[in-house]
Amino acid sequence: MDLGVQGGFKFNGKRYARLNTEVVYASDFDERVVNIYNLNFKHKSVVLDINDIDSREMPKVDLILGGFPCQSFSVVAQNPKRLGFKDSKGRLFFEMKRILEEKKPRAFIVRKC
């Protein structure tokens with residue numbers, strides 16, 4: 001998602017122009033994911049679970065991007081069973097909502113899987 005809003009890349013034989021955007025904050029709870037992210041972006045991500053993010057420590061921004069796992073809602077989820085909001089992963093949406101309400105960006109983009 002971050003690459004998409006920044007532009008300046010080539011994919012499938014097509015060049016996408018650099019956009020007038022700057023990513024100023026990124027986080028993930030998985031250290032391996034953050035390490036890979038940090039190898040590929042100038043700005044650096046932090047290892048931090050969204051449940052532990054204090055939005056006051058985030059910069060003021062116009063756009064927030066976010067994503068949450070789909071296993072809790074997927075119709076093919078069988079192991080574990082599709083639990084929706086009963087599952088901790090399914091409740092991550094509410095943490096995104098909390099941050100959106102506190103930061104009040106002009107826009108947001110949320111993706112599920």
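How many salt bridges does the structure hold? The structure holds five, where a salt bridge is a side-chain nitrogen of Lys or Arg within 4 Å of a carboxyl oxygen of Asp or Glu. We will meet some of them below, after a look at the whole chain.

A word on what you are looking at. This is a predicted model, in which local features need pLDDT of at least 70 and side-chain atom pairs count only at pLDDT 80 or more, while totals for chains, interfaces and linings use all residues. Residues are numbered from 1 along each chain as its sequence is written, and side-chain values use heavy atoms, with hydrogens and water left out.

Let's start with the overall picture. The protein chain has three helices and six strands; helices (H or I, at least four residues) and strands (E, at least two) are DSSP runs, numbered from the N terminus. Read from the N terminus on, the elements follow the order α-β-β-β-α-β-β-α-β. Along the principal axes, the C-alpha atoms fill a box of roughly 40 × 40 × 25 Å. The accessible surface of the protein chain is about 8,500 Å², and 55% of it belongs to carbon and sulfur atoms; such areas come from the Shrake-Rupley method with a 1.4 Å probe, and for residues only the protein chains shown count as cover. Of the 113 residues, 30% are buried. Here buried means under 20% relative accessible area, exposed means over 50%, and partly exposed lies in between (1.4 Å probe, protein chains only). As for contacts (heavy atoms within 4.5 Å), take those between residues at least 6 apart in sequence: 50% of them join residues at least 24 apart.

Now step inside. In soluble globular proteins, nonpolar side chains tend to be buried together. A nonpolar core is a set of buried Ala, Val, Leu, Ile, Met, Phe, Trp, Tyr and Cys residues joined through side-chain atoms within 4.5 Å. The largest one here has six residues, namely I53, M58, V61, I64, I99 and L100. One of these, V61, also touches V24, P105 and R106, leaving aside residues up to four places away in sequence. A second, separate core has five residues, among them V5, V23, A26 and F41.

Nonpolar residues also turn up on the outside. M1, L63 and I109 form a nonpolar patch on the surface, with about 240 Å² of accessible area together. Patches are made of residues with over 30% relative accessible area and no salt bridge; like charges are joined within 9 Å, and nonpolar side chains (Val, Leu, Ile, Met, Phe, Trp, Tyr) within 5 Å. M1 sits in the segment before α1 (2-6), and its relative accessible area of 40% makes it partly exposed.

Strand β1 covers residues 7-11 and contains F9. Leaving aside residues up to four places away in sequence, F9 touches L3, G4, K14, R15 and Y16. By contrast, F94 lies 85 residues along the chain from F9, and their C-alpha atoms are separated by 32 Å.

β1 and β2 pair in the antiparallel sense over four bridges; two strands pair if DSSP finds at least two bridges between them. Together β1 and β2 make a hairpin with two residues between them, and N12 in the turn has a positive phi of about 55°. Across the pair, F11 stands opposite K14 in β2. Strand β2 (residues 14-18) lies largely in the open, because zero of its five residues are buried.

Finally, back to the salt bridges. R32 and D30 meet through their side chains at 3.1 Å, N to O. R32 is exposed, at 62% relative accessible area, whereas D30 is buried, at 17%.

E101 forms a salt bridge with K97, their closest N and O atoms being 2.7 Å apart. Why do these two sit about one helical turn apart? Because E101 and K97 are four residues apart in helix α3, about one helical turn separates them. E101 is partly exposed at 43% relative accessible area, and K97 is partly exposed at 38%. E102 and R98 form a salt bridge too, at 3.4 Å from N to O, and they are likewise four residues apart in helix α3. A network of salt bridges links E95, R98 and E102.
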